[in-house]
Amino acid sequence: MKETIVTCPFCSKEITVNYSPSIRYSKTEITATLGRRTKWFHTKERYETIEDCPNCHKSKKEIQKALNGEMLMKPKSKEDLKRQLEELGLSGKL
């Protein structure tokens, strides 16, 4: 893991995190009927927060979830959802 400086997803200020880039690795299977097969895989890039954000006071867990893509940055408003449904051709009541 490499220590890097990234922007906070909530307040856009700089914070320090540990970053692990995506790694490509292979797995080889040997069977009697199919012979040797090699499959390639990728790991996900990971962020590990070191401290809470000093500017917006968000916790380490919240920042880490937002950086890893497990959490939405901003929740969608009802107007955005309604507009999106109308664009898809689904008009209904919310």
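**Exercise 1.** In which helix is Glu87 found? Determine also whether Glu87 is buried or exposed.

*Solution.* The model is a predicted one. Glu87 belongs to helix H2, which comprises residues 78-87. The relative accessible area of Glu87 is 65%. Exposed means over 50%, so Glu87 is exposed. As a further step, compare Glu87 with Glu3: they are 84 residues apart in sequence, and their C-alpha atoms are 43 Å apart in space.

**Exercise 2.** Classify the pair formed by the rings of Tyr19 and Tyr47.

*Solution.* A pair of aromatic rings is described by the distance of the centres and the angle of the planes. The count of aromatic pairs is two. For Tyr19 and Tyr47, the ring centres are 5.1 Å apart and the planes are at 40°, so this pair is tilted. Next, locate the partners: Tyr19 is in strand E2 (residues 14-20) and Tyr47 in strand E5 (residues 46-49), so the pair ties together parts 28 residues apart in sequence. Finally, Tyr47 has a relative accessible area of 16% and is buried.

**Exercise 3.** Where does Ser12 lie, and where is the place of His57? Describe the phi of each residue.

*Solution.* Ser12 lies in the loop between strand E1 (2-7) and E2. His57 is in the loop between E5 and helix H1 (60-68). Most residues other than glycine have a negative phi. Ser12, however, has a positive phi of about 65°, and the phi of His57 is positive, near 60°. Ser12 is exposed at 57% relative accessibility, and His57 is exposed at 65%.

How values were computed. Residues are numbered from 1 along each chain as its sequence is written. This is a predicted model: local features need pLDDT of at least 70, side-chain atom pairs count only at pLDDT 80 or more; totals for chains, interfaces and linings use all residues. Side-chain values use heavy atoms; hydrogens and water are left out. Rings of Phe, Tyr and Trp (its six-membered ring) pair if their centres lie within 6.5 Å; planes under 30 degrees apart count as stacked, over 60 as edge-to-face and the rest as tilted. Helices (H or I, at least four residues) and strands (E, at least two) are DSSP runs, numbered from the N terminus. Buried means under 20% relative accessible area, exposed over 50%, partly exposed in between (1.4 Å probe, protein chains only).
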